[in-house]
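Visitor: I would like to learn how to read a model like this one. Can we go feature by feature?

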Amino acid sequence: MTTATQAPEATVPAPSAPATVPAPAPVRRPGPPPRPRPLAVLVATGTSTAALLLLVALGTVLHHPLLIPPLAASMALVAASPDLPLSQPRSVIGGQLLSALAGYAVLAVAGPGLWSAAAAGGLALGAMMLARAPHSPAAATAVIVALGSPPFWTFTGLLLASCALLVAAGLLMARATRRTYPVYWI
């Protein structure tokens with residue numbers, strides 16, 4: 001006698017409503033920064049101009065040019081964007097000094113020239129990153145050193161004094177506008 005064994009019936013879940021997938025959020029592309037207040041523009045412009053004119057005046061008295069293009073870019077960062085890491089004293093002073101040293105190191109190994117200047121600018125970036133003192137205008141200081149071969153002690157001393165003056169201008173501007181500068185020192 002054979003008995004047929006019946007397999008238990010599989011239970012199939014009842015169809016459910018399809019899951020609703022939310023539509024992806026639209027991609028927001030960053031736009032330009034908000035328009036600054038007129039007083040902020042006036043103070044930043046005035047501070048930057050005064051600091052750079054002071055560099056020229058001191059350079060005239062000392063018979064050494066203190067205003068080099070990277071310092072104008074440094075002052076622009078300090079005056080217009082004092083909250084950025086690139087604008088902090090550690091980056092302005094440390095980045096400029098490290099970049100000058102990178103320029104002198106390349107100069108000692110390869111001599112002055114365009115190839116040396118290119119290497120110095122790149123090496124300056126690496127040195128600033130390792131020291132956590134990023135300051136993009138300072139890479140140009142390394143290029144200036146590798147191209148022009150200025151006297152080490154004179155150039156380095158004047159560069160440090162100039163950077164300190166720019167940071168001091170940023171401090172005065174912050175005090176006048178009740179902003180926080182620097183965000184950090186070290």
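Guide: Start with burial. This is a predicted model. Of the 186 residues in the chain, 33% are buried. The chain exposes about 12200 Å². Carbon and sulfur atoms supply 71% of that area.

Visitor: How many helices and strands are there in the chain?

Guide: The chain has 6 helices and 0 strands. Along the sequence the pattern reads α-α-α-α-α-α.

Visitor: What share of the contacts with a separation of 6 or more joins residues 24 or more positions apart?

Guide: Sequence separation shows how far along the chain the partners of a contact lie. Here the share is 73%. Leu-101 belongs to helix 3. Ala-142 is one of the buried residues of helix 5.

Visitor: Is Leu-101 buried, exposed or partly exposed?

Guide: Compare the relative accessible area with the cut-offs. Buried means under 20%, and exposed means over 50%. Leu-101 has 37%, so it is partly exposed.

Visitor: Which residues of helix 5 are buried?

Guide: Helix 5 covers residues 136-148. Its buried residues are Pro-137, Ala-138, Thr-141, Ala-142, Val-145 and Ala-146. Next, ask what they pack against. The partners are helix 2, helix 3, helix 4 (114-130) and helix 6.

Visitor: Now pockets. What is the volume of the largest pocket?

Guide: The largest pocket has a volume of about 260 Å³. Its lining includes Pro-36, Arg-37, Met-173, Thr-177 and Arg-179. Met-173 is also one of the residues that Thr-47 touches.

Visitor: Which helices each supply at least two residues of that lining?

Guide: They are helix 1 (38-62), helix 2 (69-80) and helix 6 (152-177). Helix 1 has the largest share, 5 residues. By class, the lining has 9 nonpolar, 1 polar and 2 charged residues.

Visitor: How much space lies in the second largest pocket?

Guide: About 220 Å³. The second largest pocket is lined by 13 residues, and the closest to its centre are His-64, Pro-65, Pro-150, Phe-155 and Leu-158. Helix 6 gives the most to this lining, with 5 residues. The classes are 10 nonpolar, 3 polar and no charged residues.

Visitor: Helix 6 keeps coming up. How many residues does helix 6 have, and what does it reach from first C-alpha to last?

Guide: To read a helix's length, set its span against the expected one. Helix 6 has 26 residues and reaches 37 Å. That is close to the 38 Å expected at 1.5 Å a residue.

Visitor: Which residue with a positive phi follows helix 6?

Guide: Backbone angles are worth checking where a helix ends. Arg-178 follows helix 6, with phi near 60°. Arg-178 is a residue other than glycine. Its relative accessible area is 79%, so Arg-178 is exposed. At the end of helix 5 comes Ser-149, also with a positive phi, near 50°.

Visitor: Where is His-63 placed?

Guide: His-63 is in the loop between helix 1 and helix 2. It is not a glycine, yet its phi is positive, about 60°. With a relative accessible area of 71%, His-63 is exposed.

Visitor: One last backbone check. Is the peptide bond from Tyr-181 to Pro-182 cis or trans?

Guide: Read omega for this one. The bond is cis, with omega near 0°. Pro-182 sits in the segment after helix 6.

Definitions and conventions:
Residues are numbered from 1 along each chain as its sequence is written. This is a predicted model: local features need pLDDT of at least 70, side-chain atom pairs count only at pLDDT 80 or more; totals for chains, interfaces and linings use all residues. Side-chain values use heavy atoms; hydrogens and water are left out. On a 1 Å grid over the protein atoms alone, a cavity is a set of points where a 1.4 Å probe fits but cannot get out, and a pocket is an open set with protein on both sides within 12 Å along at least five of seven lines; lining residues have an atom within 4 Å of a point. Grid points are joined across faces, edges and corners, and a volume is the space filled by probe spheres set on the points. Helices (H or I, at least four residues) and strands (E, at least two) are DSSP runs, numbered from the N terminus. Ala, Val, Leu, Ile, Met, Phe, Trp, Tyr, Cys and Pro count as nonpolar, Asp, Glu, Lys and Arg as charged, and the others, Gly among them, as polar. Buried means under 20% relative accessible area, exposed over 50%, partly exposed in between (1.4 Å probe, protein chains only). Contact means heavy atoms within 4.5 Å. Accessible areas come from the Shrake-Rupley method with a 1.4 Å probe; for residues, only the protein chains shown count as cover. The expected span of a helix is 1.5 Å times one less than its number of residues. Lists of a residue's contacts leave out its neighbours within four places in sequence.
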